[in-house]
Amino acid sequence: MKIDTDFLLKTLLRLVNTPSPAGDTQRGTDLCHEILCDIDDSFDIHTTRKGVLVATWPGLRDDEPRAVSAHIDTIGAVVKGFNPDGRILMQEVGSLPWTSVENEGVTINGKNGPLRGSVLIKEASYHLHEEDEIEDAPRNDRTMSVRLDAKIHSAADTRALGIEIGAPIYFDARPEVNNGFVRSRYLDDKACLACVFAAAKAIYESGTRPAQRTTFHIPNYEEVCHGGASGVPDDVAEFLAVDVAPTGTRQNSDEYSCTLCLADADGPYDAQMNAKLKAIAVQHGVKLKPDVFPRFSSDAKALWKSGADVRCALIGPGVHATHGYERTTIEALETTARLIALYLLST
């Protein structure tokens with residue numbers, strides 16, 4: 001069994017270049033449907049009323065069915081209102097660090113098509129303002145706005161372009177692959193989706209099937225904390241969430257490994273399932289680093305909070321600068337995809 005790295009990277013790029021902020025995920029969900037069908041047309045796929053993509057894959061057995069979950073939705077922003085000069089006010093969707101989007105390019109749909117712009121603080125011209133006015137100004141939804149690339153002098157001018165309250169604001173993903181590193185917005189969680197798809201492809205091309213009936217669960221509201229609460233079949237015994245593992249000071253995770261999250265802000269994950277994943281990693285020489293995340297939760301915890309009687313675990317590639325301009329490595333992605341495949345093949 002071999003992970004197709006070219007497929008993994010191409011799939012990741014397709015995903016990050018398809019905008020899907022929470023609340024506006026249909027294009028991303030459609031792309032996931034297409035990718036799964038290209039891997040194996042035997043998937044039984046449906047989309048729930050809420051918009052969760054659920055794809056069931058026959059296994060060798062179905063006495064302890066499994067689910068693997070990675071979310072299609074991302075953080076983002078929507079139009080909140082208009083300044084008198086026509087600039088667009090924003091409201092974040094999910095936990096958006098405002099410092100990470102300063103000077104970023106954006107797209108907003110108007111009545112005649114997409115409009116381009118950028119996110120700036122109010123007084124952005126260096127040659128007109130004191131340095132402390134620029135450098136010390138807070139970065140938040142009250143001080144930053146979108147400057148559209150259009151002839152605008154008033155809020156009425158902006159409204160005339162067909163910009164509506166609540167319209168999604170799409171931040172440029174800017175993906176790059178360099179020297180074994182992958183940089184992009186929205187690696188959370190599209191890097192993990194690419195790992196899931198690469199694992200499925202590896203299993204299919206090996207000529208076998210998962211050990212248990214497997215559901216690929218692709219929710220669309222993880223970034224607002226309720227993505228995993230629905231769409232999981234009632235008889236699923238084990239639920240493996242795949243999400244980014246933040247790297248940084250005082251953390252054990254790194255950008256070159258897969259991480260096993262043992263506990264997060266909502267408490268510990270299932271000890272039995274964690275032990276199984278550790279044993280698989282040791283047996284097959286998979287680089288798996290244990291860690292805990294104090295400001296993190298996952299679709300597995302949303303599922304538990306919904307009352308589901310299921311074992312849950314969380315793994316994912318180490319990612320730096322999560323929710324910002326994120327970075328990981330091909331090595332971490334391959335490792336994560338390999339662990340997913342080995343887990344699904346394990347008895």
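In the predicted model, a salt bridge joins Arg213 and Asp235, with 2.4 Å between the closest N and O atoms. Because Arg213 belongs to strand S12 (residues 212-218) and Asp235 to the loop between S12 and strand S13 (238-242), the pair ties together parts that lie 22 residues apart in sequence. The two partners fall into separate accessibility classes: Arg213 counts as buried, at 19% relative accessibility, because the limit for that class is under 20%. Asp235 counts as partly exposed, at 42%.

A further salt bridge is formed by the side chains of Glu104 and Arg174, at an N to O distance of 2.8 Å. This pair links distant parts of the chain, 70 residues apart. Glu104 is located in the loop between strand S5 (88-93) and strand S6 (105-110), and Arg174 in the loop between strand S9 (168-171) and strand S10 (176-178). Glu104 is buried, with a relative accessible area of 6%, whereas Arg174 is partly exposed, at 39% relative accessibility.

The side chains of Lys289 and Asp254 likewise meet in a salt bridge, with an N to O distance of 3.2 Å. Here the linked parts of the chain are distant, 35 residues apart: Lys289 lies in strand S17 (residues 288-292), and Asp254 in the loop between strand S14 (245-247) and strand S15 (258-264). Lys289 is partly exposed, its relative accessible area being 24%.

Salt bridges with shared partners also connect Glu64, Arg66, Glu238, Lys276 and Arg311 in one network. Over the whole structure, the search identifies 23 salt bridges.

Notes. Residues are numbered from 1 along each chain as its sequence is written. This is a predicted model: local features need pLDDT of at least 70, side-chain atom pairs count only at pLDDT 80 or more; totals for chains, interfaces and linings use all residues. Side-chain values use heavy atoms; hydrogens and water are left out. A salt bridge is a side-chain nitrogen of Lys or Arg within 4 Å of a carboxyl oxygen of Asp or Glu. Helices (H or I, at least four residues) and strands (E, at least two) are DSSP runs, numbered from the N terminus. Buried means under 20% relative accessible area, exposed over 50%, partly exposed in between (1.4 Å probe, protein chains only).
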